[in-house]
Structure formats: structure tokens, C-alpha cells
Amino acid sequence: MKNIHLGEKIRQVRILKELTQAYLAHVVGCSGKHISQIESGKVECDDKTLTLIKKALDIPKAPLTEEELEVYRSQIWVWHDQINTRRISYAETMKDELASILHLPFEHV
């Protein structure tokens, strides 16, 4: 599998969200040329700019730690059990809480 650099990942998310470099530059407060250089890997992205880009692209601050993942995995199994035993209202509450923590767009059915 090809290793993708940070700028390419930013470009992919930006395109996926149908945003232009000009729009991203405006929101971040830099030039379109600077965004282009970051995406092409010609310049490094400093921490402040990266934070602004992540916010503009609605990317979570950091990946979950292994401990957080374990907690969420156990919560998912409880949620699964609640659904299987038809205690749906509690499961709905857990689903909403988990979705907000993980930034997942669960739809209400």
C-alpha cells in the first residue's frame, strides 16, 4: 500500500467535501498558493495551520487511543445487547452518545 503524505490526505478530504483550495485558504487565513504547496508536499504544514485546516475540514482533533477504543468497543457490545433484548430506548441513548464521541453520523430510524 502506498504511503500518502499529509498534504495528499488534506487534498483528498478537501475534494471529498467538495471544497476549493481558495475556500480552504480563506477559512484558514492563508493564500491559495500556500494550500496548494501544502497539498503538493512542497512545504511543511505547521501545527497552527494544520489545526485550522482540520477544523475547516471537520476532522477530529486526534485519533482515538487504544484505551478509548476498548471502552467504546465494550459500549458497543452493551448497545448490541440492549437492541437484541428489545430495550431500545436505552440503546438509542447509548448510540447517540457514542456517535457524538466518535463523530459518526448515525441516522435515527
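L19 and L57 lie 38 residues apart in sequence, and their C-alpha atoms are 8.7 Å apart in space.

**Basis of the entries**

I note that this is a predicted model, in which local features need pLDDT of at least 70, side-chain atom pairs count only at pLDDT 80 or more, and totals for chains, interfaces and linings use all residues. Residues are numbered from 1 along each chain as its sequence is written, and side-chain values use heavy atoms, with hydrogens and water left out.

**Confidence**

I read an average pLDDT (the predictor's confidence in each residue, from 0 to 100) of 77 for the protein, with 62% of the residues scoring at least 70. Over residues 105-109 the pLDDT is below 50, and this stretch has 7 contacts in the model beyond near neighbours in sequence.

**Overall make-up**

I recorded 6 helices and 0 strands, in the order α-α-α-α-α-α from the N terminus. Helices (H or I, at least four residues) and strands (E, at least two) are DSSP runs, numbered from the N terminus. Of the 109 residues, 21% count as buried; buried means under 20% relative accessible area, exposed over 50%, and partly exposed in between, with a 1.4 Å probe and protein chains only. The protein exposes about 8,400 Å², of which carbon and sulfur atoms supply 57%; the areas come from the Shrake-Rupley method with a 1.4 Å probe, and for residues only the protein chains shown count as cover. Among contacts with a separation of 6 or more, 43% are between residues 24 or more positions apart.

**Helix α3**

I examined which residues of α3 are buried, and found I35, I38 and E39. They are on the same side of α3, because they cover an arc of only 95 degrees around the axis, the arc being that of the directions from the helix axis to the C-beta atoms. Their cover includes α1 (6-16), α2 (21-28) and α4 (47-56). After α3 comes G41, with a positive phi near 85 degrees.

**E39**

Is E39 buried or exposed? E39 counts as buried, because its relative accessibility is 4%. This residue belongs to α3, which spans residues 32-40. The side chains of E39 and Q21 are joined by a polar contact of 2.7 Å; such a contact is a pair of N or O atoms within 3.5 Å, where within protein one must be able to donate a hydrogen and the other to accept it, and residues adjacent in sequence count only if both atoms are side-chain atoms. Not counting residues up to four places away in sequence, E39 touches H5, G7, E8, I10, R11, R14, Q21 and L24.

**Core and α4**

I listed the largest nonpolar core, 10 residues: I10, L24, A25, V28, I35, I38, C45, L50, I53 and L57. Such a core is a set of buried Ala, Val, Leu, Ile, Met, Phe, Trp, Tyr and Cys residues joined through side-chain atoms within 4.5 Å. Elements giving two or more residues to this core are α2, α3 and α4, and α2 gives the largest share, 3 residues. Leaving aside neighbours within four places in sequence, C45 is in contact with L6, I38, L50 and I53. In α4 I found T49, buried at a relative accessible area of 11%. T49 touches V28 and I38, not counting residues up to four places away in sequence.

Definitions and conventions: Contact means heavy atoms within 4.5 Å.
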